[in-house]
Structure formats: C-alpha cells, structure tokens
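Please open the model in your viewer and keep the selection panel at hand. The tour below moves from one selection to the next and says what is to be found at each stop.

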Amino acid sequence: MRTRGHDAAAGLVRSMTVGRTPHALLISGPPGVGKTTLALDLAAGLLCDDPDPAARPCRSCRACRLVDRGIHPDLQRLAPSGPGDQIRIGDRDRPDPGTVRRLASDLVLLPVEGGARVAILERADRLTDDAQTALLKTLEEPPAGVTIILCADDEERLMPTVRSRCRRIRLGPVAIRDIEAILGAMDVAEPPLAARLARIASGRPGAARTLALAPEAVAARDEIARMLLDLLAAGPAIRLATARDLTARAADLTRALDRTTAGPAPVRVSATPSPPAARDGDEAEEADGMPVAAASAAERRRGVATVIALWRDVARDLLLVRLGDEGLVRDPGLLDDLRVAARLLPTATDASAAAATDADLAAFLARLDVVGELVEANARPEIALDSLLLGWPQATRS
C-alpha cells in the first residue's frame, strides 16, 4: 500500500480487500493529507489479480499496473471542474463525462477486467446539491460489485443523507518525521529541504510533495511572508499600496502549484487574437502599452485566500517567537526574519505594551479565520484584504 502515516486507516482498508467491502466509503480530512492515496490503495486492492487476497494489492499484476497508470477500465475517477470548480449532475439524456449522471450510467455496466468496479470522487464536498441528490440514488441501490469512494476536505458540506449511507474514515495530520520519510522515499527533496517542507505542510504529505516539486512556489511563498513581515513597520498608505503585489505573488504561487498537480494546460493559438471582454468587477492593467486580461473574480478570490492562509502561518510563528517558543515555529526557514520582526514590536522592556501586542497578534489570528470564511462565502476579496492590511499590528516607531 502507498499510504504512509495513517496506520489505522490503512489497516482498515486492507481488511476491506480481504473481507466485506462497503458499497460506499467516505474518506475525509484536510487537503493533501492522503485521502486520494488511501482511496487508490483500496481500488488497487479490490481490482488486484493476485489469487491471495492477503497479498492485495500486489502492485505487480496487470490490474495493479493499470491502476497505478490511471487507465484501469473498471476504475472511474470524478473531480471538480469548470468555472465553479464543482462536480455537476449532468444532462438527463446525454450526460457529459465527468458528471454524476454519466458515472451512474457507467457503473451499471459489467466489469471489463474482473468482478469489481470502483469509483473515486475526489473533493466530493464540491458536489452540487443536485449532483448529491442524483448520487444518493446510486448509493441507496448500488450495482452489484461496485464500490464508491468519496474523498472530502469538508464532509459537513455533504448532505446528511449522503454521509449516512457511507462507511466513514477520518484522516488527521501526518507526523513530521513520516512526511520527511515520504519525501525521501519519493526522492523529491534533500533532507534539509524535506525537513522544512514537512513542517510547512502542517501534516499534509501531499502539500509537502507539491511544494518539493515546485521550487518557484516555495520562492513565492517566502517572498509573500517577508512582505507581510515588512509591513509591520509600514504605514496605512504603504500597506494598501502593497495589496496588488501580494495578490500578484499569490497568483504566481497558485499557478506554480497548479502546474505541479495538473501539468501544463494546453495553449490555444489564434492568428488574430482579440482581448477578452471585461467582466463585471474585473480590473485591467497595462503591460508595455498593451492591455492584458484582468483576473477573474474567482482568481482574485483564490489569490486573497492564498495570502490569508499564508498569513496565518506568519502571524502564528511571529507570536511564537515573541513568546520564546521558537522550537514550535512552522517555517524554520524564516526564523531570522521572524526574529527581526519580533524586535520591531514592543518587547519585554515594556511589559504592559508587550502583553498588549501579543494579545493583538492573537486577536489578529482569530480575525484571519473570520475574514477567510467571509472570502470563501463571497465577500469582496479586495475589501477583505485591505481590512487585514490595516489591522496588522504596527511596529514601534523609533
């Protein structure tokens, strides 16, 4: 099995390959924690050709090799797509590939290779309400020999009726040492970098691997963190003027991660390209005198969400350094910058001011969580970012 750091869950999945397999399984946990890896382990075990059930998945038979290459005809995978990044229900008569209705129609067919069929729905919490309702019928009356595996970052977004029809496995963070070992076994990072990425990833081996394969994303992440620390000594005007730079670097970060996880997107070339029509609320800027396409609302929202997520780590680590708990810092690569920033704020020489600043940092951490939820709930991302920039604690003036 390829799953690491989740011994209990891996043992439970292994027992499913030799005993009774549930018709539906819900694997939940933070993004990048290993949900899809565990789902593929179960799929490989169910589709494996090895005559000894205890040896499945063997990873050497034809079926296992097809699963590893992602081309097994009896393994269906569904993931969010399109502008809304959702899993859609699909048309009733001729549903498109990648929709729930198309999956349901495919699952009623007989297996091509053996006696089982497996469907994996990645990020199942992105199922639309209609798609969940359509999936519910398949969960209630699954075809014989079919196992449906739902992987969800936030299982609370799934309907209670969907959750109740699934056997559930919850994955938590993976230990730092285990993530280091995973990166070492994959040969994607030298030990010092693996140790740093393991801490940055917050218990998510998938996130650590993605960063290891995208050094430009790590560089963008470091630059954003240092920009935020520098803003401690900046006034309101400079802070607000930095918003565009922050979101631009966040866009670079997300693009680098996307290239690593999905590969390069195809490029469509036109002999006479025309500038895209401006969308409501979009802003355009000039580059070398030529207009460039403005970022869509979804892209701007994702950029601000990326800044907020990184800001949480920066604020948390800054507070830990001020409290003298440097061993708990999430990103040791920024420790020197954090020490410098911590000295800019009131220190123990003025105990009351220092305590007030630490309380402000703690309150700002809570504010990041609230604003992050508002951005996810469609609050205007630019206003959310400006409010955080103005609320970021102010360094002591000399």
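Begin by selecting Arg 221, Leu 310, Asp 313, Val 314, Asp 317, Asp 331, Leu 334 and Leu 338, which together line the largest cavity (a cavity being a set of points, on a 1 Å grid over the protein atoms alone, where a 1.4 Å probe fits but cannot get out, and lining residues having an atom within 4 Å of a point). This is a predicted model, in which local features need pLDDT of at least 70 and side-chain atom pairs count only at pLDDT 80 or more, whereas totals for chains, interfaces and linings use all residues. Residues are numbered from 1 along each chain as its sequence is written, and side-chain values use heavy atoms, with hydrogens and water left out.

The volume of the largest cavity is about 40 Å³, taken as the space filled by probe spheres set on grid points that are joined across faces, edges and corners, and the count of cavities of 30 Å³ or more comes to one. Colour helix α13 (residues 297-323) next, since this helix gives the largest share of that lining, four residues; helices here are DSSP runs of H or I with at least four residues, and strands are runs of E with at least two, numbered from the N terminus. By class, the lining has four nonpolar, no polar and four charged residues.

Now move to the loop between α2 (35-47) and α3 (62-69), where Pro 57 is placed. The peptide bond that leads from Arg 56 to Pro 57 is cis, with omega near -5°. In the loop between α2 and α3 you will also find Arg 59, which has a positive phi of about 65° although it is not a glycine. Most residues other than glycine have a negative phi, and most peptide bonds are trans. Arg 59 is buried, at a relative accessible area of 18% (buried means under 20%, exposed over 50%, and partly exposed in between, with a 1.4 Å probe and protein chains only).

Which cysteine sulfur is closest to that of Cys 61? Select Cys 58, whose sulfur is 3.6 Å away and therefore too far for a bond, a disulfide being a pair of cysteine sulfur atoms within 2.5 Å. Cys 64 has its closest cysteine sulfur in Cys 61, at 3.6 Å, again too far for a bond, and the count of disulfides comes to zero. Cys 61 is buried at 13% relative accessibility, and Cys 64 is buried at 0%.

Finish at Arg 123, in the loop between β3 (117-121) and α5 (129-140), where phi is near 50°, a positive value in a residue other than glycine. Arg 123 counts as partly exposed, at 35% relative accessibility.

Definitions and conventions
1 Å grid on protein atoms, 1.4 Å probe; cavity = no way out; pocket = protein on both sides within 12 Å on 5 of 7 lines; lining within 4 Å. Nonpolar A, V, L, I, M, F, W, Y, C, P; charged D, E, K, R; others polar.
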